[in-house]
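Please examine the sequence and the structure before reading on.

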Amino acid sequence: MDGAEHPGRRALLAGGVVVATAALTGCSSTSSAPSAAGASPLARQASPQPRPTTPAAAFTRLMDGNKRWVSGDLQHPDRDPDRREFVAQKQEPFGSVLACIDSRVPPELLFDTGLGDLYVMRTGGEAVGPVVTGSVEYGPMTSGTPLIVVLGHQRCGAIEAAYKSFHDDKPLPGNLESIAKALRPAYQQTVRQGGDDPVDTMARAQVTLTAADLRSNNGLAPLVKKGSLAVIGAYYSLDTGKVEILSGAPY
């Protein structure tokens, strides 16, 4: 008798599993189908926000992203396969950022941006030369990028090394010396200015000098003059995650 009951029980249990699985599958299909089938491919791939087209709008987008970075309330926009596909054939970044190579200062993260949002150039201490300057010019001069940010930061190792090199009159080894030479104007301004923390003073000087040079160079000055481009000098705090604006904000 026990042998006759077991198959029936097994059948009943199997039937219950099938019904439950079907119910769960049905719920899952119902909840996901509209977003997958109802939305157009373009709608699913597009950025969650329209691309800023003015310096003020681009500045606001970046600073809002930095506020989220500081608070931890991140959106992680434009970082999925749909976005990857959307920008695969064409890019229109709304900002260009010249930052340091420091591993603690990734612009895409501290401004909470994603694929296709920023052109990013990174050199030791934001040192510039013709190739770097040309790279910064690329976005504004070829695709109408409305904002450039020169981003220095707290406790910059490249700035500290250059400062000590000049102060002690000891050249840096290898090609590091070329970075130091590019930072000499910031060192000279720091010596004139003085202060309790000369390395931090030099980091800020490098930002403001570089931003001023970009703002007035032959390729970018006309765009700045007509208001289609802003060049901002900014400083990032490693301690707080906050970006402080030093010059050029398009208010």
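The model is predicted, so local features need pLDDT of at least 70 and side-chain atom pairs count only at pLDDT 80 or more, whereas totals for chains, interfaces and linings use all residues. Residues are numbered from 1 along each chain as its sequence is written, and side-chain values use heavy atoms, with hydrogens and water left out.

The chain has 11 helices and five strands; these are DSSP runs numbered from the N terminus (helices: H or I, at least four residues; strands: E, at least two). Of its 251 residues, 38% count as buried, that is, under 20% relative accessible area with a 1.4 Å probe and protein chains only. The accessible surface, about 13,600 Å², belongs for 58% to carbon and sulfur atoms; such areas come from the Shrake-Rupley method with a 1.4 Å probe. Among contacts (heavy atoms within 4.5 Å) between residues at least 6 apart in sequence, 69% join residues at least 24 apart.

Spaces in the protein are found on a 1 Å grid over the protein atoms alone: a cavity is a set of points where a 1.4 Å probe fits but cannot get out, a pocket is an open set with protein on both sides within 12 Å along at least five of seven lines, and lining residues have an atom within 4 Å of a point. A volume is the space filled by probe spheres set on the points, which are joined across faces, edges and corners. The whole structure holds two cavities of 30 Å³ or more.

| Space | Volume | Lining by class |
|---|---|---|
| Largest pocket | about 250 Å³ | four nonpolar, four polar, six charged residues |
| Second largest cavity | about 40 Å³ | nine nonpolar, no polar, no charged residues |

In these classes, Ala, Val, Leu, Ile, Met, Phe, Trp, Tyr, Cys and Pro are nonpolar, Asp, Glu, Lys and Arg are charged, and the others, Gly among them, are polar. The lining of the second largest cavity includes Phe59, Phe111 and Ile232. Helix H3 (55–71) and strands S4 (230–236) and S5 (243–247) each supply at least two lining residues there, and H3 gives the most, with three.

Thr190 belongs to helix H9 (residues 184–193) and is buried, with a relative accessible area of 3%. A polar atom of the Thr190 side chain lies 2.8 Å from the backbone oxygen of Ala186. Not counting residues up to four places away in sequence, Thr190 touches Tyr163, Pro198, Thr201, Met202 and Ala205.

Note on methods: Buried < 20%, exposed > 50% of the residue type's maximum accessible area, 1.4 Å probe, protein only. Polar contact = N/O pair within 3.5 Å; in protein donor to acceptor, adjacent residues only side chain to side chain.
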